[in-house]
Amino acid sequence: MLLDFSTTFAWRCPFCGELELSEINIFYFSGSNRLEIKCSCDFTKLVVIKNNSKRYQLKYNCIICELEHRVFYTQSELWSNQVKKIKCAENGAELGYLGPYVEVKKLADLEEEYLELMMDKLEFEDYFSNPEVMLSVLNILHDIAENSGLTCQCGNEDIEIEMLPGKIKLTCHQCYGAININAETKDDLLFLKKLRKVKILEGVVSALERTN
């Protein structure tokens, strides 16, 4: 009987938003018990750790709750021919897939088709400079707002979000101060990812800019 010690991950990068397939096999752990799976943008999406000959640990930063999650698989589970759904440990949201290449690719293709359909409905492709970056920036801003980090200097927290082709404009409903946030490149994403708070200057229109 021929044993196939290989598996494929389908995972959307929490940094750049790209959904990529990463195929690994048991020989990747020759001489090392730790394997980092990187996106084409060089962001480390997943870390697989071989604890012993029959147990593997999967570590990943969740794009939903922004916490680090850990999932454990036995050797037979990791290399099995069954597709496994990787989820957020906090709310059960599906984040990716693990299993045979053909089956995982089918699921990834379906997810991409759904995303493209949603983009077409919203006319993302025609309107925004970089739709995937725009979606990722929106997710980050949503997370900042969820943690009460999106405010205005005047004390108001009722902020209007307007999506423009290459940026997002945040406007305070009370003093009409506003701030423009670039949402065009991966550098824009990297800059915003480091922030925990975004504050609008009272009655002033400004831009959120990177500093060296």
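Reader: How many bridges join strand β7 (residues 84–87) to β8?
Author: Strands (E, at least two residues) and helices (H or I, at least four) are DSSP runs, numbered from the N terminus. Two strands pair if DSSP finds at least two bridges between them. β7 and β8 run antiparallel, and the number of bridges joining them is four.

Reader: What kind of model is this?
Author: Residues are numbered from 1 along each chain as its sequence is written, and side-chain values use heavy atoms, without hydrogens and water. Local features need pLDDT of at least 70, side-chain atom pairs count only at pLDDT 80 or more, and totals for chains, interfaces and linings use all residues, since this is a predicted model.

Reader: Which residue of β8 is the bridge partner of isoleucine 86?
Author: Lysine 84 has leucine 98 as its bridge partner in β8. On the β1 side, four bridges join β1 (residues 6–12) to β8 in an antiparallel arrangement, and tryptophan 11 stands opposite glycine 96. The bridge partner of isoleucine 86 in β8 is likewise glycine 96.

Reader: Which residue in the turn between β7 and β8 has a positive phi?
Author: The two strands form a hairpin with six residues between them. The positive phi, about 80°, belongs to glycine 92.

Reader: Which strands stand at the edges of the sheet?
Author: The open sheet has four strands in the order β2-β1-β8-β7, with antiparallel pairing. β2 (19–25) and β7 each have a single partner strand, so one side of each lacks a neighbour in the sheet; the edge strands are therefore β2 and β7.

Reader: How many of the six residues of β8 (residues 94–99) are buried?
Author: Buried means under 20% relative accessible area, exposed over 50%, and partly exposed in between (1.4 Å probe, protein chains only). β8 is largely enclosed by the rest of the structure, because its buried residues number five.

Reader: Within what arc do the buried residues of helix α5 (residues 186–193) fall?
Author: The buried residues of α5 are Asp188, Leu189 and Leu192. The arc is that of the directions from the helix axis to the C-beta atoms. Seen down the axis, these residues line one face of the helix, because their arc is 100°.

Reader: Is serine 206 buried or exposed?
Author: Serine 206 lies in strand β14 (residues 205–208), and β14 is among the elements covering the buried residues of α5. Beyond its neighbours within four places in sequence, serine 206 is in contact (heavy atoms within 4.5 Å) with Ala178, Ile179, Asn180 and Leu201. Because its relative accessibility is 19%, serine 206 counts as buried.
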